[in-house]
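Please keep the structure in view while reading each point.

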Amino acid sequence: MPQRNMLQSSKGALLLLLPWLGGLVLGEVGDFSPCLRFFYQSAPPKGIDAEGYQPICQRYRNQYRFASLYHRQRRAPLYSAYILTPAAGKRPVNSWKYEPQLAFSSSSPEMRSFPKRGPISQNVIESQAVLLDYKNSTYTKGHLNPSLHHHTKEDRQATFTLTNVVPQRAGSNSGPWALLEAEVRARLEAFCDGPMFVITGALPYISGERRIKNRVAVPEYMWSAYCCPSYNASLPDSAQPYFPTYAAVGRNDQQSGEEIVQVDPKAKSSVRGYDVRRMPLETLEAILTQRLAMPISLFHGQCQ
């Protein structure tokens with residue numbers, strides 16, 4: 001794949017991508033430059049074919065909160081990148097939001113709440129997922145960047161945008177995947193002495209793409225990886241394999257094969273088939289590279 005078709009962080013390189021970005025290279029959609037701090041060493045993942053994807057600097061109440069790479073045709077993000085902070089407070093009351101600049105390039109860069117009454121613009125409906133997509137479906141709204149990985153109320157509220165959400169089975173969302181999120185948060189609080197950079201994403205089916213309402217692509221797997229470059233020098237032996245990086249892949253389909261994540265036959269029926277496999281960062285990158293047919297590298301210099 002020619003280098004000019006790869007995602008680059010500089011504005012100059014992004015100008016080369018204007019044909020597929022549809023003229024949206026401005027402000028917070030189409031450009032990661034304003035929010036590079038959410039990536040280790042200010043470097044977004046390398047090797048991702050740019051076609052169809054749009055960077056979003058997720059902005060809420062006049063501040064950048066995290067970053068997402070969004071696919072307009074699939075109406076779902078490939079990943080969200082954020083800095084995990086010690087949790088405080090409860091999950092906020094849901095006020096689901098959308099990204100105005102995906103619908104109108106001249107709109108405000110601030111994410112906006114869906115109207116409680118009245119119609120939604122057709123431009124919004126065509127450019128991204130909307131709440132009706134999830135209504136009466138068999139999927140929950142699965143956060144890539146979870147609210148409970150953030151300290152401030154505003155950062156937690158900002159995660160409730162559908163550009164940070166994929167269709168996720170309840171057995172995964174409230175089961176093994178929720179346990180993984182809690183485990184990563186506890187590891188930060190116990191051992192990470194500086195910022196923990198997290199990238200969490202979704203892995204589509206190789207063939208036979210599934211969609212809800214024939215609109216929003218359903219992932220076969222969830223995945224996540226973190227980078228903690230500064231950590232406690234006196235790590236116990238049991239914690240050493242988890243630093244400076246670690247990763248995981250979780251099943252989102254009970255019927256999927258077991259070549260990536262095996263099924264625990266002894267698990268409760270409500271969560272059986274939604275297992276999560278922990279693994280080194282390099283193993284996850286090999287899986288992503290094989291499944292996406294892209295030479296993926298998530299963290300600059302492997303977080304060293």
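1. Two residues are in contact when heavy atoms of theirs lie within 4.5 Å. The model discussed here is predicted. Leaving aside neighbours within four places in sequence, Val249 is in contact with Trp177, Tyr221, Met222, Trp223, Ile260, Val261, Asp275, Val276, Arg277, Met279, Leu284 and Ile287.

2. Val249 also belongs to the largest nonpolar core, which has 37 residues. Together with Phe32, Tyr79, Trp223, Leu284, Leu298 and Phe299, Val249 touches the most other members of that core. At least two core residues come from each of strand 1 (53-60), strand 2 (63-71), strand 3 (76-84), strand 8 (196-204), strand 11 (219-227), strand 12 (245-251) and helix 9 (281-292). Helix 9 provides the largest share, five residues.

3. Another core, of 26 residues, lies apart from the largest one. Its members include Val166, Val184, Leu188 and Tyr246.

4. The chain as a whole contains nine helices and 13 strands. Of its 304 residues, 53% count as buried. Among contacts between residues at least 6 apart in sequence, 68% join residues at least 24 apart.

5. Why does the radius of gyration agree with a compact globule? A compact globule of 304 residues would have a value near 19 Å, and the chain has 18 Å. Along its principal axes, the C-alpha trace spans about 55 × 45 × 40 Å.

6. The chain exposes about 13600 Å², of which carbon and sulfur atoms supply 50%. There are 34 positive and 24 negative charges, and their mean positions are 8 Å apart.

Conventions:
Residues numbered from 1 in each chain as written. Predicted model: local features only at pLDDT ≥ 70, side-chain atom pairs only at ≥ 80, totals over all residues. Heavy atoms only, no water. Core = buried A, V, L, I, M, F, W, Y, C linked by side-chain atoms within 4.5 Å. Buried < 20%, exposed > 50% of the residue type's maximum accessible area, 1.4 Å probe, protein only. Helix = DSSP H or I, 4+ residues; strand = E, 2+ residues; numbered from the N terminus. Rg over C-alpha atoms; globule rule 2.2 N^0.38 Å. Areas by Shrake-Rupley, 256 points an atom, 1.4 Å probe, with all protein chains shown as cover. Lys, Arg positive; Asp, Glu negative; His and termini not counted. Charge placed at Lys NZ, Arg CZ, Asp CG, Glu CD.
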